[in-house]
Amino acid sequence: MRDLMAVTARPEVISLAGGLPDTSTFPAATFAAQMTRIAQESAAEALQYGPTEGFAETVDCIVEVMGAEGMLPDPDDVIVTTGGQQAIDLICKTLVDPGDVVVCEAPTYPGAVPVFCSYQADVVQIECDSEGMRIDELERVLEELDSEKRRVKFVYSVPSFQNPAGVTLSLARRRRLVELARHRELLVVEDNPYGLLRFGGDPLPPLYQLDGGDFVIYVGTFSKILSPGIRLGWAVAPPPVMEKIVLGKQAADLCSSTLTQRFVQEYFAEGRWREYIESLIEIYRGRRDTMLAALREHFPAQATWTEPEGGLFIWATLPDFIDTSDLLAKALREDVAFVPGQAAYTDGRGHNSMRLNFSGVDDAEIREGIKRIGKAIAEQVELYGTLTGERPAQQRTHHPGTPGREGEEEAPSPPGSEAAGSGKDDEGGDVLPFRRAGEESA
Ligand SMILES: Cc1ncc(COP(=O)(O)O)c(C=O)c1O
């Protein structure tokens with residue numbers, strides 16, 4: 001991922017790889033006015049160290065953001081961190097001992113994988129479908145771990161517009177997960193950078209709201225609703241956990257940037273932060289639609305992909321014989337980049353999937369980028385046909401597009417069987433939820 005990000009910094013590369021919000025629309029005049037005010041009115045403080053927990057005024061802004069999604073955290077339970085990334089790191093630092101089990105989605109946020117690995121967690125990934133993590137599968141795995149006398153430290157989930165799959169945990173599953181956490185006294189880490197970036201459909205309550213903060217540790221960030229450059233995020237946790245997180249942060253970096261905390265305070269005092277999010281939503285909705293149209297036009301018939309109702313990412317799955325890490329090398333020669341699916345797994349799965357970002361580049365670049373990737377895929381498909389004599393279009397991949405199930409070869413279900421008839425999995429999630437090339441979007 002690090003190498004990839006270095007390559008995508010080259011200006012000629014169309015990067016569909018990063019998770020970059022579009023910061024180009026942030027009004028420069030507003031930014032200049034706010035920074036000037038800070039320089040004039042609170043320079044000494046903005047240039048000084050601050051409290052490890054963050055300024056109380058920054059926490060007020062965080063409480064306001066969480067309130068917009070129906071959450072009411074106690075300000076004393078909040079710590080300001082250096083991005084959501086540090087919050088994940090500090091939670092692991094606090095809770096995870098080598099060999100502890102951490103459960104997460106399959107696929108999971110690629111940036112969380114190295115954190116879990118660096119604390120030597122034993123990562124167990126639970127399949128996702130169109131309704132997010134399969135909670136029935138989670139229950140089965142928890143019971144299996146019980147029988148091995150292994151206790152899970154926490155379940156990590158990105159329930160809304162997940163990075164990387166773009167899927168959202170349904171309300172019924174959110175309720176079940178929270179019930180399960182309460183029943184088993186199991187901690188859930190809810191990472192929610194994208195909840196406010198909804199383009200369609202009805203808002204869903206965060207796990208933190210459903211649980212009331214007893215078993216859910218919450219991670220948030222200003223990165224996707226304001227700026228990743230300010231490097232400010234937060235964690236919300238009950239006091240015994242928070243005490244340790246604060247100690248861990250003190251050891252890590254003493255405090256997060258006081259300068260950018262002051263900027264956040266100025267920005268929120270203006271009272272237009274929700275308007276800015278609305279403007280981002282408009283832009284991202286259009287770009288998502290552009291990418292979906294380009295995928296229909298340029299990806300082969302066997303490809304499938306998710307259709308997110310928010311966030312920044314689409315997850316595409318290609319025929320099983322295509323390795324997206326190899327494909328990336330080819331794509332980079334065409335000056336286009338994406339994240340290969342394997343980055344979202346700890347066990348080598350995801351080899352024929354890719355994460356595509358639609359927020360960081362404009363419509364023309366999205367069209368051109370997808371066209372170039374489509375061309376690289378077409379070459380791989382043709383090569384496969386030449387080498388094997390098979391016509392890949394006749395291959396059947398089971399559960400196309402469903403994160404975590406890509407490439408499973410299976411005989412077609414007999415007509416009238418449950419899988420063939422309903423297209424649902426055991427929990428009601430759609431196993432065939434995604435568009436194929438050439439199909440019109442609903
Ligand atoms: C799910 C998720 N968590 C955490 C982060 C970290 O973001 P930051 O450290 O910029 O807040 C990201 C960034 O893309 C993300 O997608």
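Among contacts in the protein chain between residues at least 6 apart in sequence, what percentage join residues at least 24 apart? The share is 76%, where two residues are in contact if their C-beta atoms, placed from the backbone, lie within 7 Å. The model is predicted, with local features requiring pLDDT of at least 70, side-chain atom pairs counting only at pLDDT 80 or more, and totals for chains, interfaces and linings using all residues. Residues are numbered from 1 along each chain as its sequence is written.

The protein chain has 14 helices and 15 strands, taken as DSSP runs numbered from the N terminus (helices H or I, at least four residues; strands E, at least two). An open sheet of mixed pairing is formed by 8 strands in the order β2-β9-β8-β7-β6-β3-β4-β5, two strands being paired if DSSP finds at least two bridges between them. Its edge strands, each pairing on one side only, are β2 (78-81) and β5 (132-133). Within the sheet, β3 (residues 101-106) runs parallel to β4 (residues 122-129) over 6 bridges, and V103 stands opposite V124 in β4.

Helix α3 (residues 56-67) comprises 12 residues, of which T58, V59, C61, I62, V65 and M66 are buried (20 or more other C-beta atoms within 10 Å of the residue's own, C-beta atoms being placed from the backbone). Seen down the axis of α3, these buried residues fall within an arc of 155°, taken over the directions from the helix axis to the C-beta atoms, so they line one face of the helix. They pack against β2, β8, β9 and α10 (258-269).

How values were computed. Expected span 1.5 Å × (residues − 1). Buried ≥ 20, exposed ≤ 12 C-beta atoms within 10 Å, placed from the backbone.
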